[in-house]
Amino acid sequence: MKEYLESREKEVVDIMMALYNEEEVIERYVEDRENEAAIRSAVEMCKDLGVTINDAIARIASKFNLEWTKSAEKVHEYWK
């Protein structure tokens with residue numbers, strides 16, 4: 001088996017890199033989904049607590065390290 005794998009080293013490396021990249025993509029996707037859910041919950045909490053939209057935008061920007069415009073998009077998207 002060792003000889004076979006050594007003779008196919010490039011293929012093995014390519015397969016391993018593809019699997020690693022796939023795993024990394026999946027991990028990032030999960031992190032993004034979790035972050036999005038946290039932002040949504042924070043926006044909903046701000047609204048429930050009577051925070052103004054502008055204050056909510058500032059709080060979301062600060063808490064999630066977002067630029068003002070990106071934070072404003074998220075707040076307006078989830079402010080129901």
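Mentor: Start with Lys70 and Glu73, whose side chains meet in a salt bridge at 3.8 Å, N to O. Keep in mind that this is a predicted model.

Trainee: How are Lys70 and Glu73 separated in helix H4?
Mentor: They are three residues apart in helix H4, so about one helical turn lies between them.

Trainee: And why does that spacing matter for direction?
Mentor: An α-helix has 3.6 residues a turn, so residues three or four places apart point the same way.

Trainee: Lys70 and Glu73: buried, partly exposed or exposed?
Mentor: Lys70 counts as partly exposed at 36% relative accessibility. Glu73 is also partly exposed, at 48%.

Trainee: How many salt bridges does the structure hold?
Mentor: Five. One of them joins Lys74 to Glu36, with the closest N and O atoms 2.9 Å apart. Lys74 is in helix H4 and Glu36 in helix H2, so this pair ties together parts that are 38 residues apart in sequence.

Trainee: Is Lys74 buried or exposed?
Mentor: Buried, because its relative accessibility is 11% and the cut-off for buried is under 20%.

Trainee: Which residues are linked with Lys74 in a network?
Mentor: Glu36 and Glu77; the three are linked by salt bridges.

Trainee: Switching to burial. Which residues of H4 are buried?
Mentor: Helix H4 covers residues 68-78, and its buried residues are Ser71, Ala72, Lys74, Val75 and Tyr78. Seen down the axis of H4, they fall within an arc of 165°, so they line one face of the helix.

Trainee: What's exposed on the other side of H4?
Mentor: Thr69 and His76 are exposed there.

Trainee: And what covers the buried residues?
Mentor: The cover includes helix H2, residues 9-48, and helix H3, residues 53-63. Helix H2 is also where Glu36, the partner of Lys74, lies.

Trainee: Back to H2, then. What do Arg40 and Glu44 form?
Mentor: A salt bridge between their side chains, 3.4 Å from N to O. The two are four residues apart in helix H2, so about one helical turn separates them.

Trainee: How accessible are Arg40 and Glu44?
Mentor: Arg40 has 33% relative accessibility and counts as partly exposed. Glu44, at 32%, is partly exposed as well.

Conventions: Residues are numbered from 1 along each chain as its sequence is written. This is a predicted model: local features need pLDDT of at least 70, side-chain atom pairs count only at pLDDT 80 or more; totals for chains, interfaces and linings use all residues. Side-chain values use heavy atoms; hydrogens and water are left out. Buried means under 20% relative accessible area, exposed over 50%, partly exposed in between (1.4 Å probe, protein chains only). The arc is that of the directions from the helix axis to the C-beta atoms. Contact means heavy atoms within 4.5 Å. A salt bridge is a side-chain nitrogen of Lys or Arg within 4 Å of a carboxyl oxygen of Asp or Glu.
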